[in-house]
Amino acid sequence: MTFKYYLLIFTLILICFTSCKNNKVKTEKETQSEKQETVVEPKIDSVDIAIINGNILDGTGKKSYLSNIYINDDSIVYIGNLTNLNLKIGKTIDANGNYVSPGFIDLHAHGNPLSTPDFENFLAMGVTTIVLGQDGSSANVKDLKSYIDKVNEQNLGVNIVEFIGHGTLRNLAGIGVKSKISEVELDNLKDILKDQLKYTFGLSTGLEYAPGLYADESELLALAKIVGKQNKMIMSHMRNEDDDAIIESIKELSRQGTNTRVHIAHLKSVYGKEKHRANEILDTIKKIKNSGINFTADMYPYMASYTGISIVFPDWSKTPQQFEKAKKTRRKELEDFIRNKVNLRNGPEATLLGSTPYTGMTLAEAAGSKNKPFEKFLIEDLGPQGSSAAYFVMNKELQETFLKDPIIGICSDGSKTGHHPRGHGTFAKIIETYVVKDSILSLEEAIRKMTSYAAEILQLQQRGSLAIGNKADIIIFDANNIKAPADYVNPYQLATGFEKVLVNGKLVRDNEQLTEQLGGKVLLPE
Ligand SMILES: [Zn+2]
């Protein structure tokens, strides 16, 4: 009995031991397969930069997580923890638990890279790539390749994506403000477009400005075909942004969308009001998207627009020649038009002039200083080319409804020299006001709109998200410290709070200061 008893105990112990061992083996196998699913740590002996202790917001909209990012040359080589004890690190940046995200991509910006190449206004608000050549107006050169080479020789702060301006194309083709163009002229436009598209991401139109406004539907559709064939896109400052015309403007753009991807620049409704109107406009866009057209839009987070004063002059008086003729032959009509237009746009008190000698004065104040009604002042003292101005024409509730919608991307529409706070504030204001203060957007969603969504719209490769192999355009910040002090009185104040800004793997701004060697370049389509 005793022997049998001991045998039983021994067998039980053996069974238990074997099964525990099997379990342990299984667990190790499972762990191994889990490891294989994540990225295997590559053999890396040295990196140029290690960003450690970062709270990674990868740009896709996912929640943040703690990790390190390793950079060699201009690219991210690893995200995680490199365990190689002999790893040589050129420079360590300790993020101290702050957010590390892709640099922002500004879908619609302005500026001349040959005169203000550092573009510090953009870097200071976390922007590492800007899209130029907007509103139908791009570098006025036939040989775009040489122009780009010249831009690349500058000490560029940000990356630049170029679009070709449709108005510029018309000027280069010698068409200018003609409304009906011949077959030969159209062929000429198409040839220049085909050539310049090689270096650019698409065509921009500015149909509210001369000479773009003179283009008819057949011209725009013919150009859209060329753009689509090269798999590029059209970004459009639409024909009319007034509330009673905006749906028709969107439809006009959607017709070009049967040939190519199309995008609304700085979506707004001039004097449209309230949430329900925003939803009507968004529904129009979504219906077009659902019909299979690749249709997107961007906007800036301010309630005043900013552009040349020609916006309040009639179409038949926008160019200098037309204006001289209109003054002589249609003077009364011209005055009536301008008076009505400005009053519709909330009156002369809601127009803030941005060019010398009237910078910072409202149209009402400037006209008052000359003892004239504002329409006479506009004709006699300014003219359509005489000034730029900010126009307080937007409704907060309507614009914020746009902002919340996932199909709306972000742009500044600003420049280093424009007298409007958007050029120095936009991307910081999105975080300071709409994420932190008013909780209108989650931080993840705001960052997605400003990074991966912008890259997706442009079909910009290897940028807009933090991933192994992507270019190292990276910013480090504490969301609670982001400030956008620029306002309408003093619009040139730099944003603060983006502690470190890297462009193409180079630290270009550190502790609110530019470093000597900047890292931007003109990006070419793949
Ligand atoms: Zn525009």
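Helices (H or I, at least four residues) and strands (E, at least two) are DSSP runs, numbered from the N terminus. The structure is a predicted model, in which local features need pLDDT of at least 70 and side-chain atom pairs count only at pLDDT 80 or more, while totals for chains, interfaces and linings use all residues. Residues are numbered from 1 along each chain as its sequence is written, and side-chain values use heavy atoms, with hydrogens and water left out.

**Overall architecture**

The protein contains 16 helices and 22 strands. Its C-alpha trace spans about 125 × 50 × 50 Å along the principal axes. Of its 526 residues, 56% count as buried, where buried means under 20% relative accessible area, exposed over 50% and partly exposed in between (1.4 Å probe, protein chains only). Contact is defined as heavy atoms within 4.5 Å. Among contacts between residues at least 6 apart in sequence, 76% join residues at least 24 apart.

**The zinc site**

Asp135 (OD), Asp135 (OD), His237 (ND1) and His266 (NE2) are the protein donors of the zinc ion, at 2.0 to 2.6 Å from it. Donors here are N, O and S atoms within 2.8 Å of the metal (3.2 Å for Na, K and Ca); water is not among the atoms, so sites may look incomplete. Angles among the four donor atoms run from 53 to 138 degrees, and the site is irregular. Four donors count as tetrahedral if all angles lie between 85 and 135 degrees; four count as square planar and six as octahedral if opposite donors are over 155 degrees apart and all others between 65 and 115; anything else is irregular.

The donor residues follow the spacing D-x101-H-x28-H in sequence. His237 in strand 11 (residues 233–237) and His266 in the loop between strand 12 (261–264) and helix 8 (274–290) are 29 residues apart and link distant parts of the chain. Both His237 and His266 are buried.

Axes are lines fitted to C-alpha atoms, for helices over the stretch in contact, and angles run from 0 to 180 degrees between N-to-C directions. The table lists two packed pairs.

| Helix pair | Angle between axes | Distance between axes |
|---|---|---|
| Helix 7 (residues 246–256) and helix 8 | about 15 degrees | 11 Å |
| Helix 8 and helix 13 (residues 396–404) | about 40 degrees | 7 Å |

Helix 8 and helix 13 are therefore oblique to each other. Angles under 35 degrees count as roughly parallel, over 145 as roughly antiparallel, 65 to 115 as roughly perpendicular and the rest as oblique. The crossing of helix 7 and helix 8 is right-handed, and helix 8 also passes helix 13 in a right-handed crossing; a crossing is right-handed if the near helix is turned clockwise from the far one by less than a right angle, and left-handed if anticlockwise.

Ile246, Ile247, Ile250 and Ser254 of helix 7 meet Arg277, Ile281, Thr284, Ile285 and Ile288 of helix 8. The buried residues of helix 7 include Ile246, Ile250 and Leu253, and its buried residues pack against elements including helix 6 (217–229) and strand 13 (295–299).

**Backbone features in loops**

Ala210 and Pro211 are joined by a cis peptide bond, with omega about 0 degrees; Pro211 lies in the loop between strand 10 (202–206) and helix 6. The peptide bond from Thr356 to Pro357 is likewise cis, with omega near 5 degrees. Tyr271, in the loop between strand 12 and helix 8, has a positive phi near 55 degrees.
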